[in-house]
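Me: I am new to this structure, so please walk me through one part of it closely. I would like to start with the strands and then follow the links from there.

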Amino acid sequence: MITFYFHHTPNPMKVALFLEESGLPYQLAPIDTLKGEQHTPAYRAINPNGKTPAIVDDGQRVFDSNAILLYLSEKSGQLGGAPALRGELLSWLMFIATGLGPYSGQSVHFRHAAPEKLPYAINRYLREAQRHYEVLNTHLEGRDYIVGDEFTIADIAAWGWIDKANVVLGEEGLAPYANLQRWFNAIDARPAVARARQLAKQANFKTELDETARRALYPQNYPPAEHEQQGQ
């Protein structure tokens with residue numbers, strides 16, 4: 001049985017969608033990141049990076065959303081695309097893992113969460129997020145899916161972040177990206193998406209972005225505790 005360590009944010013939602021699409025049995029283990037549960041020793045033993053998602057499968061830990069998608073696809077033989085397009089699949093997965101996801105996340109942070117409004121950082125990450133959206137939008141001209149003619153983990157990986165386009169890009173969201181909007185609407189209408197969205201209701205996640213949540217999410221913005229300064 002797969003144990004799925006989950007919070008209802010873009011990267012864990014990718015894994016939630018894969019699990020619901022594939023039908024693999026799993027048990028949900030909510031990790032409330034606004035309460036700092038990702039920093040506990042027990043969870044760090046599963047994901048040393050202290051982020052969600054992670055899974056444990058037959059005693060084996062796997063962390064990072066795209067690594068999990070690859071692992072589960074290979075385990076189940078599902079959603080991996082045509083073997084002849086393996087290179088294409090890996091290329092788009094890495095594009096999402098190293099570009100679309102990180103730049104989207106930083107755009108959200110500097111526009112909405114950073115303690116100081118830094119025009120250079122806001123512009124830098126917003127423009128890079130927009131550039132990645134444009135790359136995908138151009139690629140999806142005349143295509144239903146990112147890789148080949150079938151729904152794959154590349155679509156799942158992209159969906160997790162494109163779902164937050166209004167937060168990443170602003171109110172216009174996907175409006176300038178017609179191909180990406182068409183693609184997103186088709187993916188978002190899949191029954192498995194609706195089931196994945198319901199998972200958050202199985203946990204009483206903290207919602208208030210108060211001082212406790214900020215310290216949990218952005219510990220680098222706070223001085224170490226006194227006992228840490230003293231090396232105790």
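Reply: Strand β1 (residues 2-6) and strand β3 (residues 54-57) run antiparallel and are joined by 4 bridges. Two strands count as paired when DSSP finds at least two bridges between them, and the elements themselves are DSSP runs numbered from the N terminus: helices are H or I of at least four residues, strands E of at least two. Please keep in mind that this is a predicted model, in which local features need pLDDT of at least 70 and side-chain atom pairs count only at pLDDT 80 or more, while totals for chains, interfaces and linings use all residues. Residues are numbered from 1 along each chain as its sequence is written, and side-chain values use heavy atoms, leaving out hydrogens and water.

Now look along β3. Ala-54 is the bridge partner of Tyr-5. β3 also pairs with strand β4 (residues 60-63), again in the antiparallel sense and over 4 bridges, and there Ile-55 has Val-62 as its partner in β4. In a regular strand, side chains alternate between the two faces of the sheet. β3 and β4 form a hairpin with 2 residues between them, and in its turn Asp-58 has a positive phi of about 50°.

The backbone around these strands deserves a slow look. Most residues other than glycine have a negative phi, and most peptide bonds are trans. Yet the bond from Thr-52 to Pro-53 is cis, with omega near 10°; Pro-53 sits in the loop between α2 (41-44) and β3. Asp-64 is partly exposed, with a relative accessible area of 44% (buried means under 20%, exposed over 50% and partly exposed in between, using a 1.4 Å probe and protein chains only). Leu-79, in the loop between α3 and α4 (86-113), also has a positive phi, of about 65°, but Leu-79 is buried, at 18%.

The largest has 55 residues, among which Tyr-133 and Trp-183 touch the most other members. Helix α6 (residues 153-162) gives the most to this core, with 8 residues.

Rings of Phe, Tyr and Trp (its six-membered ring) pair if their centres lie within 6.5 Å; planes under 30 degrees apart are stacked, over 60 edge-to-face, and the rest tilted. There are 9 such aromatic pairs. Tyr-133 and Tyr-177 form a tilted one, 5.7 Å centre to centre with 50° between the planes. Tyr-133 lies in helix α5 (residues 119-139) and Tyr-177 in the loop between α7 (165-169) and α8 (178-188), so the pair ties together parts 44 residues apart in sequence. Both of these tyrosines, Tyr-133 and Tyr-177, are buried. Finally, ring pairs link Phe-4, Phe-6, Tyr-26 and Phe-205 into a cluster.

How values were computed: A nonpolar core is a set of buried Ala, Val, Leu, Ile, Met, Phe, Trp, Tyr and Cys residues joined through side-chain atoms within 4.5 Å.
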